[in-house]
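Subject: The structure I promised you

Hi,

Here is the structure I said I would pass on. Have a look at it first, and then read on for my notes.

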Amino acid sequence: MGKSSKKKNKVILAPPLPPELDEDEIVISEEDVEFVEKNPEHVRNIAGLDKGAIDSFVKRVADHDDDKVELLYEERERKRRAAAALKPRNDDDIEVDPVDALPVKTLDGKVVYRPAKKARSGDEANGVKSRSEDKGAGATQGSQKEPKGRSNKKEDSKLQNVQSPTEVPKENLHSVVLEEVKEELSSDELFEKKKAQLAELGMALLEDPESNIRSLNDLLILCNDMDQKVVKLGIMSLLAVFRDIIPSYRIRQLTEKELAVEVSKEVKKTRYYEYTLIRSYKAYLQKLISLEKQPYFYLVAVRCLCSLLDAAPHFNFRESLLASVVKNLSSSNDVARKLCCEAIRSLFRNEGKHRGEATIEAVRLIAAHVKLHDCQLHPDSIEVCLSLKFDEDLGKDDSKEDKLKPKKNK
């Protein structure tokens with residue numbers, strides 16, 4: 001009973017804290033500085049902590065007097081200093097920083113920080129390798145035998161800093177520099193390069209459309225570029241090309257019998273030209289309709305649609321053009337609305353281009369648009385109908401005509 005009571009009353013002190021470091025010995029990395037700049041509230045919280053209160057809380061022992069415990073701590077510190085003074089020390093050994101090195105707890109409960117040998121100037125290059133070997137040897141020998149070498153993190157970092165300029169290969173430096181140059185390549189230079197490519201393709205198509213009809217695909221690819229300015233220039237370039245090369249007739253799809261008949265080279269060339277033209281024109285219209293839904297391209301897409309309807313109301317896919325233009329007759333954008341209204345007015349005035357067929361389609365679409373919105377539209381969408389032309393005899397009174405006819409004698 002007596003032994004058990006003594007064990008219960010025995011004071012178990014907390015292990016000694018590592019000594020404080022000088023400010024010159026503290027290594028602060030760029031990541032630490034960046035973290036502190038981004039999180040200033042953490043620094044304020046740490047600075048506001050009471051160090052004395054924390055130390056007293058850590059050193060306290062339950063069910064024991066604080067003064068008695070403090071005396072025990074002081075006695076332990078005196079014994080540690082006396083033992084350190086009596087301990088013989090080799091000149092080749094240096095004490096490892098207690099903060100960086102992991103201590104060893106002996107069988108009697110003492111915490112010992114292991115020393116490391118000084119690295120000679122000739123052996124600095126092999127220092128890292130020898131330390132790693134010492135670590136592996138120390139792990140196999142057991143806890144009673146201390147390892148011969150233990151690396152200091154600060155010494156390792158200094159060695160790495162000294163060796164880093166010589167260890168980095170020149171090829172890696174060259175690749176890094178090239179990547180930086182590529183990243184720093186201004187977008188203006190790349191834009192000018194694509195702009196020149198658009199101009200070259202467009203001029204080739206305007207000079208000889210039949211020979212360079214494949215360039216339409218290249219222009220369409222540039223219209224899918226990541227740069228929005230390049231996309232704008234691409235669709236405007238295609239607009240100028242299509243306005244110039246669209247024929248004055250409607251291209252119809254060939255039947256199977258016509259495709260089975262053997263034809264001359266000139267006919268094959270013409271068919272290939274018309275097929276490529278109609279396919280590229282359809283892809284261009286689909287691109288404009290998709291860009292119309294994006295705020296950045298809305299105005300330029302509407303402008304291109306209206307310009308195509310004004311220039312080629314007789315050509316293929318007129319229904320898609322009319323549907324897009326009529327839909328924007330009541331647009332909240334004043335510029336887009338005026339462009340669409342002017343395109344419809346031009347369609348009504350120049351019926352010779354389409355023989356009046358486009359006029360009938362436009363009027364039907366406008367009537368359906370008005371019904372769909374329950375007449376809640378901008379007045380401009382209805383005023384365009386004032387440009388419609390009617391025959392001269394439309395609206396005349398039939399009774400007056402009957403009176404003017406001469407009567408037959410009975």
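Leaving aside neighbours within four places in sequence, which residues is Arg345 in contact with? Bear in mind as you look that this is a predicted model. The partners of Arg345 are Val384 and Ser387, once those sequence neighbours are set aside. Arg345 itself sits in helix 16, and with a relative accessibility of 19% it counts as buried. The cut-off for buried is under 20%, in case you wonder about that call.

Now the overall picture. The chain has 19 helices and 4 strands. It runs to 410 residues, of which 27% count as buried. If you take the contacts with a separation of 6 or more, 66% of them are between residues 24 or more positions apart.

On to the helix packing, starting with helix 9, which covers residues 187-207. Helix 9 packs with helix 10 (residues 215-222) at an angle of about 150°, and the two axes are 10 Å apart. That angle makes the pair roughly antiparallel, and the crossing of helix 9 past helix 10 is left-handed. On the helix 9 side, the residues that meet helix 10 are Gln197, Leu198, Leu201 and Leu205. Helix 10 brings Ser215, Leu216, Asp218, Leu219 and Leu222 to the contact. By class, that contact of helix 9 with helix 10 divides into 6 nonpolar, 2 polar and 1 charged.

Helix 9 also packs with helix 11 (residues 228-245), here at an angle of about 10° with the axes 10 Å apart. Helix 9 and helix 11 are therefore roughly parallel. From helix 9 the contact takes Asp188, Phe191, Lys194, Lys195, Leu198, Gly202, Leu205 and Leu206. From helix 11 it takes Lys229, Val230, Leu233, Gly234, Ser237, Ala240, Val241, Asp244 and Ile245. Sorted by class, the contact of helix 9 with helix 11 has 9 nonpolar, 3 polar and 5 charged residues. Leu198 and Leu205 of helix 9 turn up in both contacts, meeting helix 10 and also helix 11.

While you are in that area, look at Glu210, in the loop between helix 9 and helix 10. Glu210 counts as partly exposed, at 46% relative accessibility. With its neighbours within four places in sequence left aside, Glu210 is in contact with Lys269 and Tyr273. Glu210 and Lys269 are 59 residues apart in sequence, but their C-alpha atoms are 8.1 Å apart in space.

How do helix 2 and helix 3 lie relative to each other, roughly parallel or roughly perpendicular? The axes of helix 2 (residues 30-38) and helix 3 (residues 40-47) cross at roughly 90° and come within 5 Å, so the two are roughly perpendicular. Phe35, Val36, Glu37 and Lys38 of helix 2 make the contact with Pro40, His42 and Val43 of helix 3. The tally for helix 2 with helix 3 is 4 nonpolar, 1 polar and 2 charged residues.

Next, helix 15 (318-327). Its buried residues are Arg318, Leu321, Leu322, Ser324, Val325 and Val326. What covers them includes helix 13 (265-291), helix 14, helix 16 (334-349) and helix 17 (357-372). Phe317 is in the loop between helix 14 (298-311) and helix 15. Phe317 is worth a click: it has a positive phi of about 60° although it is not a glycine. Phe317 counts as partly exposed, at 25% relative accessibility.

Last, the cysteines. How many disulfides are there? The count comes to 0. Cys223 is in no disulfide, and the nearest cysteine sulfur to it is that of Cys304, 9.2 Å away. Cys223 is buried, with a relative accessible area of 2%. Cys306 is in no disulfide either, although the sulfur of Cys340 is 3.7 Å away, the nearest cysteine sulfur to Cys306.

Tell me what you make of it when you have had a look.

Cheers

Definitions and conventions
Residues numbered from 1 in each chain as written. Predicted model: local features only at pLDDT ≥ 70, side-chain atom pairs only at ≥ 80, totals over all residues. Heavy atoms only, no water. Disulfide = S-S within 2.5 Å. Buried < 20%, exposed > 50% of the residue type's maximum accessible area, 1.4 Å probe, protein only. Axes fitted to C-alpha atoms, helices over the stretch in contact; angles between N-to-C directions. Parallel < 35°, antiparallel > 145°, perpendicular 65-115°, else oblique. Left-handed = near helix turned anticlockwise from the far one by under 90°. Contact = heavy atoms within 4.5 Å. Nonpolar A, V, L, I, M, F, W, Y, C, P; charged D, E, K, R; others polar.
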